[in-house]
Each structure stands twice: as structure tokens, then as C-alpha cells.
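Here are some exercises to work through with the model open in your viewer. Try each task before you read its solution.

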Amino acid sequence: MLKTFAKTCLVATATMIFSGCQIHQTIVQKEQLPTVKGQQTNNTSSANLSTNHLQQTNNEVQVTKEYLKIANDQEKFVTKQYTLEGTINSLATQMMRNQKLATNKPVIITSFVRLDQFKKTTEFGRIVSESLINELSNKGFNIIEFRGQLAVSVDDKGEYFITRKVRQMKGKTPNTYVVVGTYSRQYKKVILNARVIDNITGRIITSARSTYHHGRANDCMMFSDCKPARTVQIVKEH
């Protein structure tokens, strides 16, 4: 009898303990469940933000790559030239394509000068400016020849209208654009920069750049500054 009662108590006690553990486990799981869902939501948001950032960065990289490709194409097909004619045409075309440049406004073109000396030019600089007159005029620009005299002068050798003598020129020019340019001699190439300036405001309307790759290690013939040939003095032998 006593043994039976003891067994019954032990079974009841074990049942209560087991039931209590199950209830506690269920409560703990219910308490932790919202926290787990919250963590999943936060993780999902972080993943979305990271994906969006990566996508945005990738888009910026792709756009930059396209700009670099255009820059390479421009250097290869536009700004890098191997003839002087191509270089001048490149400058004129670049200036023409800028929509801010009104073709009906008078334009005067000045001689290209050395980059390090704005008051010094050469035959090369004069050739570039004279050729630009032709190129821009043929492209529809209203080119003004400001070097025209007040009258045509005549002598036995010919007739003349343009001059570089200021006293023989007109005293004023109309409201115009002015084309100015510089050149810089580098090894086997010449870098030319041109810009169109509003002579009233000084604002740069458009600009252009081109590199003439002539391939000559010594370009003194182009700029008429070759050193004189070495001479040997001849003396009478004593």
C-alpha cells in the first residue's frame, strides 16, 4: 500500500515537472518570436539599402566609363591631327558645334601667339589664323577683316587693301567676337588652343583644342628659328 502510494506520488511529480517545462518553453518561444521577426525586418532593410547603394555606384561607374570612351574617341578622331590642315579644320569644327556662338555676329580673328609670350607670333601663328578665316567663313560665320585700309593703295608692284599699319586702318571695330589662340611647342608636336571672346564682356563664348603631331624631332624650320649653320674661318697659313 505504502509503496503504491509512493509510486503514485513520484509519477504525479514527474508529470507536473514535465508539464511545467513545456509551458515555460512555450512562453519563452512566444516572447522571443517578435524579436526574431524584428531582426529579420531590419536585416531585409539593410540588404535593400546595400543593394540600392551598389546599384547606384555601378550606374555612376558605367556613366563615367561612357564619358571616358567619348574622351578617348575625341582625342583619337578630333583633337589629335597629323596634318596642319586637319588641325585647323578641327579647331574650326569644334568652335562651330558650340550652340552659344551666334554665326550672324561679326567675328575678327587674330594671330596665334606663343603660349609663353602673348605679344610674339611667327609665320606659323599667322598661317593658323589666316587659315581659320577661310574655315570659319566657309562654315557660315560673319568674318570681319579688320585690317582693311581706308582706301586701296597702289604702286608699281601691286594693289593693296589689308595692312598692319594702325594709322591706315579704321579707328573702331563693331561689337564683335574675337578669336584668339595660342600654340605651345612640344616634342614632335604642337598644342593649339583657340577661344572666342566677347569683346564687350570678356566672356569666353566657346573654345577648341587640337594637337598637331608633325613627328619632327627638330621643328625649327616650321618656326624659322633654326640656329645658323656652323662656319669655319679660313686664314692664311704662316
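How do the residues of the lining of the second largest pocket divide into nonpolar, polar and charged? They divide into three nonpolar, five polar and three charged. The classes work like this: Ala, Val, Leu, Ile, Met, Phe, Trp, Tyr, Cys and Pro are nonpolar, Asp, Glu, Lys and Arg are charged, and the others, Gly among them, are polar.

A word on what you're looking at: this is a predicted model, where local features need pLDDT of at least 70, side-chain atom pairs count only at pLDDT 80 or more, and totals for chains, interfaces and linings use all residues. Residues are numbered from 1 along each chain as its sequence is written, and side-chain values use heavy atoms, with hydrogens and water left out.

**Exercise 1. Get your bearings in the fold.**

Step 1: list the elements. The protein chain has four helices and nine strands (DSSP runs numbered from the N terminus: H or I of at least four residues for helices, E of at least two for strands).

Step 2: Starting at the N terminus, you pass α-β-α-β-β-α-β-β-β-β-β-β-α.

Step 3: check burial. Of the chain's 238 residues, 25% are buried (buried is under 20% relative accessible area, exposed is over 50%, and partly exposed is in between, with a 1.4 Å probe and protein chains only).

**Exercise 2. Describe the pockets and the cavity.**

Step 1: settle the terms. Rolling a probe the size of a water molecule over the atoms shows where empty space is left. On a 1 Å grid over the protein atoms alone, a cavity is a set of points where a 1.4 Å probe fits but cannot get out, while a pocket is an open set with protein on both sides within 12 Å along at least five of seven lines; lining residues have an atom within 4 Å of a point. Points are joined across faces, edges and corners, and the volume is the space filled by probe spheres set on them.

Step 2: take the largest pocket. Its volume is about 400 Å³. There are 21 lining residues, and Phe 146, Arg 147, Gly 148, Thr 163 and Met 169 lie nearest the centre. Helix 3 (residues 123-138) gives the largest share, three residues. By class, the lining has eight nonpolar, seven polar and six charged residues.

Step 3: go back to the second largest pocket, with about 240 Å³ of space. Its lining includes Thr 110, Phe 118, Lys 119 and Arg 195. Strand 7 (residues 177-186) contributes the most here, with three residues.

Step 4: look inside. There's one cavity of 30 Å³ or more, and Met 95, Leu 101, Val 107, Leu 136, Phe 141, Val 179 and Val 196 line the largest cavity. That lining is made of seven nonpolar residues, no polar and no charged.

**Exercise 3. Trace the salt bridges.**

Step 1: count them. The structure holds seven salt bridges (a side-chain nitrogen of Lys or Arg within 4 Å of a carboxyl oxygen of Asp or Glu).

Step 2: Lys 105 and Asp 198 meet at 3.4 Å, N to O. They are 93 residues apart, with Lys 105 in the loop between helix 2 and strand 2 (106-109) and Asp 198 in strand 8 (residues 189-198). Both Lys 105 and Asp 198 are buried.

Step 3: compare a second pair. Asp 116 and Arg 114 bring their closest N and O atoms to 2.9 Å. Asp 116 is exposed because its relative accessibility is 56%, whereas Arg 114, at 25%, is partly exposed.

Step 4: Asp 225 pairs with Arg 185 at 2.6 Å between the closest N and O atoms. Asp 225 sits in the segment after helix 4 (220-223) and Arg 185 in strand 7, so this bridge ties together parts 40 residues apart in sequence. Asp 225 is partly exposed at 39%, and Arg 185 is partly exposed at 34%.

Step 5: find the network. Salt bridges with shared partners join Glu 130, Glu 145 and Arg 147.
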